Amino acid sequence: MTVVISLAVLVFLVVAAVWPDLIAPGDPLAIHPLDAFQPPSAQHLFGTDESGRDIFTRVIHGTRASLLIGVTATAIGIGLGLIFGLLAGLGPRWLDFGTTRLLEVMFAFPGLLLALLFIVIYGPGIVTSTIAVGLSTAPGYARLIRSQTLQVRDAPYLEAALVLGRGSVFRLTRHLLPNVAGTLFVIATLGVGQSIVWASALSYLGLGAVPPSPEWGAMLSAGRTYITSFWWMTFFPGLFIVLSAAAATLLGRGLQQRKRSS
Amino acid sequence: MSGTEGTKGAHELVPISPGSPSAAGPQHATPLLDVRNLMVRFGRGMPVVNDISFTIAPGETFGLVGESGSGKSVTSRALLGLTGSNAHVAATRLTLAAAAADGVLDLRQLSARAWRGVRGARVGYVPQAALVGLDPLRPVGREIGDALRLHTKLSPVERRAEVSELLAAAGVPEPELRAVQRPYELSGGLRQRVLIAAAIALRPSLLIADEPTTALDASVQAGILNLLERLRQNGTAILLISHDLSVVSRLASRVAVMQHGAIVETGPTARVLDAPQHPYTRQLVAAVPTNRPRGTSLAPQSIAAAPAESPTPAPSPSPSPATAAAPGESAADAELSGPTPAEPPSPAATAAPGESAGPAEAVAPAASPTPAAAGSAAGAGSAAGAAVVLRAHGLSRWFGDRAAVDDVSFTLERGRTLGLVGESGSGKTTVARLVLALTAPDKGDVELLGQPWSALPERERRPNRRRIGAIYQDALSSFDPRLTVGQILSDAASGGRSSRTDVSALLHQVGLSADVAAQRPRFLSGGQQQRVAIARALAPRPDVLICDEPVSSLDVSVQARILDLLDALQRELGVAYLFITHDLGVARHMSDDLLVMRAGRIVESGPTESVFADPREPYTRELLAAAPQLSRLAEPARSR
């Protein structure tokens with residue numbers, strides 16, 4: 001049931017990301033100073049902001065940036081995690097030792113701090129914040145992939161493939177990678193939700209998307225000043241952050257349970 | 001014999017005629033345990049135990065035999081009130097004679113509180129899994145002391161003394177030391193003895209032992225059985241539950257055979273085993289491989305009989321898998337959806353490439369075994385099948401400063417079986433890994449088909465890996481969990497290029513129907529899984545197959561069919577087996593030649609029959625004496 005609901009929410013978000021005009025045909029940047037600070041109404045579903053921009057339109061148009069950041073950052077994290085995890089899991093012992101120590105050093109920093117560090121060096125912006133989030137999630141993925149790899153590497157069925165005369169490429173591509181990837185898919189779904197939250201957090205701090213662009217985190221940040229008088233400016237972007245992260249996370253959990261019970 | 005005759009019906013009760021002279025030990029007018037029409041059902045399901053009746057006299061050992069799922073363990077749990085809240089237990093009579101002989105205790109009406117007074121105190125229970133049956137974090141002495149603490153008023157000091165005494169009575173050496181050790185510090189046999197010590201702590205009049213020796217080595221098993229027998233001689237009645245007829249036959253004066261939740265046959269042990277009435281009992285007795293000559297089939301209408309009818313094989317080195325005649329599996333067993341035994345012999349039945357011995361010749365060595373083991377490379381007898389396919393020379397392998405394998409040499413000829421027996425930890429599996437070149441030897445080498453094998457780097461070994469295959473005890477874990485049977489087999493056959501027909505031919509060869517291909521192995525039964533493993537191992541048409549305990553975790557009748565299948569495939573394909581097992585009965589049935597291994601060394605070798613007939617080494621004699629076999633039953637079961 002939760003899987004179905006999460007899927008429905010995600011489908012809606014994907015549609016909003018790909019064809020935002022289908023849901024909100026207006027211009028997210030159009031300014032109507034006379035309509036500033038309108039509360040939610042039939043005309044402005046989510047109300048308007050300090051420049052009279054329609055928040056519903058902005059939130060829908062912001063989906064693309066948020067989802068893209070979430071997915072790309074997760075992809076970067078998993079890509080790096082795969083490289084380091086497989087190196088550590090399959091490589092010689094000294095490489096495993098080196099990689100694992102490096103990961104431990106990375107773990108010593110809270111993930112978001114790592115992202116901040118990266119942005120301090122390379123400057124704020126959507127691209128850098130995406131890479132930063134990807135980088136800071138990579139150690140977690142790497143450690144997970146390493147332990148999975150170690151487990152599968154010593155599985156009797158890999159030895160059986162060796163006994164059957166299978167080369168290392170076949171054993172890697174036919175048996176090891178798919179079995180490692182099986183768990184990875186679920187973890188990645190969970191990761192997308194987390195990445196969206198982190199990317200929004202960076203934007204909120206003014207280190208991601210820059211203000212006029214309709215990005216959830218940036219909108220939150222802009223509405224912060226007016227939070228006591230005009231709640232809708234922060235509430236609706238926040239709602240979408242929660243919704244997307246929760247949908248991705250619940251879907252991931254559902255898949256996890258289904259995998260376990262099958 | 002007691003007054004019991006071959007009772008045919010499941011409902012009939014075994015009458016214990018008072019005062020009748022019995023070879024089965026002391027019997028009394030009132031049975032200790034009286035079970036009539038016991039029925040156990042879970043939820044709204046079918047009864048798991050259906051209308052079974054039996055009695056146990058004081059000081060008697062009663063055996064309950066059946067395969068997994070026959071309901072024997074549920075029966076024992078019902079007798080202990082441990083079936084759980086979901087279970088519905090009914091019986092017309094379920095009584096335990098009271099200690100003071102002034103009446104009986106009706107087990108049907110006990111409260112939870114009253115049960116606690118019965119369990120442990122009146123009825124002792126020895127569970128099967130000796131490892132999980134004990135709390136891993138507590139010293140075993142405390143575990144035993146629990147029963148004493150709950151049911152007696154002994155002081156802690158007295159309790160400690162009592163625990164030591166109990167451990168000593170259970171045959172645990174250095175009981176004071178062992179009492180403070182934790183389960184993982186003890187061997188499997190010692191753990192089982194600890195469980196028995198705990199079960200007899202309060203001197204119960206009845207001891208229920210559920211598979212007490214399963215998963216134990218033969219000599220350890222013999223020790224446990226002797227211990228149980230000693231307890232019986234001291235007056236404890238024993239309900240011995242096992243899937244293993246030979247275990248039950250060693251101790252029990254009477255047995256009941258269970259199938260599908262019902263007792264199909266019951267009577268004095270010797271009578272049931274010598275002249276089984278029910279077809280299922282006959283099948284069980286026949287499935288015990290001990291003393292069954294090499295080449296005879298263990299299961300009814302077996303595949304083993306089929307090759308004799310097939311025409312002379314075409315010696316063409318056809319790469320397509322040979323189609324074996326299908327085994328006719330017993331209809332009673334859902335193990336197989338195999339085709340009929342009347343399968344027309346396929347002309348595609350071929351010998352392995354380069355192999356010239358036909359089935360007729362391949363059978364011959366069974367009758368007149370030629371010595372092939374222990375370096376005597378002479379293929380003196382059979383001219384055709386004498387090619388040495390595998391030769392190990394002075395193999396040694398150390399783990400730390402302990403030699404797991406120490407100077408092991410042997411040769412294996414085409415189409416023959418070399419048995420390798422030994423207890424756990426003797427180095428059998430390390431030998432298998434050395435031969436499969438999964439572990440490099442520290443000394444010595446292995447030759448495959450006359451070529452260097454273990455000495456080569458893996459890259460050069462790879463092309464010849466298909467000449468040597470392996471099957472394992474745990475077939476399931478050797479399959480990639482993501483793949484279906486069909487994918488597994490086509491991967492093995494020709495690098496994923498094989499067609500669906502190849503897969504069904506492979507399945508057919510091992511007596512499985514083609515629609516198994518779409519399934520994942522974990523949904524198959526244990527026997528089917530092992531068949532798939534065999535099909536996969538034989539797919540590349542190897543010359544040698546390493547069988548590492550391939551039937552050790554299977555029920556005896558399934559085991560019989562797998563052994564028959566291996567036998568038939570060997571005759572048909574001319575593949576040589578290195579057959580590793582701890583079970584001497586299986587080894588004797590399967591092997592032309594035998595190696596006996598102990599602590600990494602080969603202590604005895606030679607043709608199987610001469611090793612069995614005239615063991616030279618004391619260790620071999622010990623091992624042979626420890627192996628429970630049915631034949632002992634012909635003598636009175638309790639001479640020891």
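This is a predicted model: local features need pLDDT of at least 70, side-chain atom pairs count only at pLDDT 80 or more; totals for chains, interfaces and linings use all residues.
View 1. Residues are numbered from 1 along each chain as its sequence is written, chains are lettered from A in the order in which they are written, and side-chain values use heavy atoms, without hydrogens or water. A pocket is an open set of points on a 1 Å grid where a 1.4 Å probe fits, with protein on both sides within 12 Å along at least five of seven lines.

**View 2. Here is the lining of the second largest pocket, with 21 residues.** Lining residues have an atom within 4 Å of a point. Closest to the centre are R119(B), G120(B), Y125(B), A147(B) and A198(B). Helix α3(B) gives the largest share, six residues. The lining divides into eleven nonpolar, five polar and five charged residues.

**View 3. Helices α6 (residues 188-199) and α7 (residues 218-233) of chain B come within 10 Å, and their axes cross at roughly 15°.** Because angles under 35 degrees count as roughly parallel, α6(B) is roughly parallel to α7(B). The contact (heavy atoms within 4.5 Å) involves G189(B), Q192(B), R193(B) and I196(B) of α6(B). From α7(B) come V220(B), G223(B), I224(B), L227(B), L228(B) and L231(B). Together, the residues of this contact divide into six nonpolar, three polar and one charged.

Technical notes:
Axes are lines fitted to C-alpha atoms, for helices over the stretch in contact, and angles run from 0 to 180 degrees between N-to-C directions. Helices (H or I, at least four residues) and strands (E, at least two) are DSSP runs, numbered from the N terminus. Angles under 35 degrees count as roughly parallel, over 145 as roughly antiparallel, 65 to 115 as roughly perpendicular and the rest as oblique. Ala, Val, Leu, Ile, Met, Phe, Trp, Tyr, Cys and Pro count as nonpolar, Asp, Glu, Lys and Arg as charged, and the others, Gly among them, as polar.
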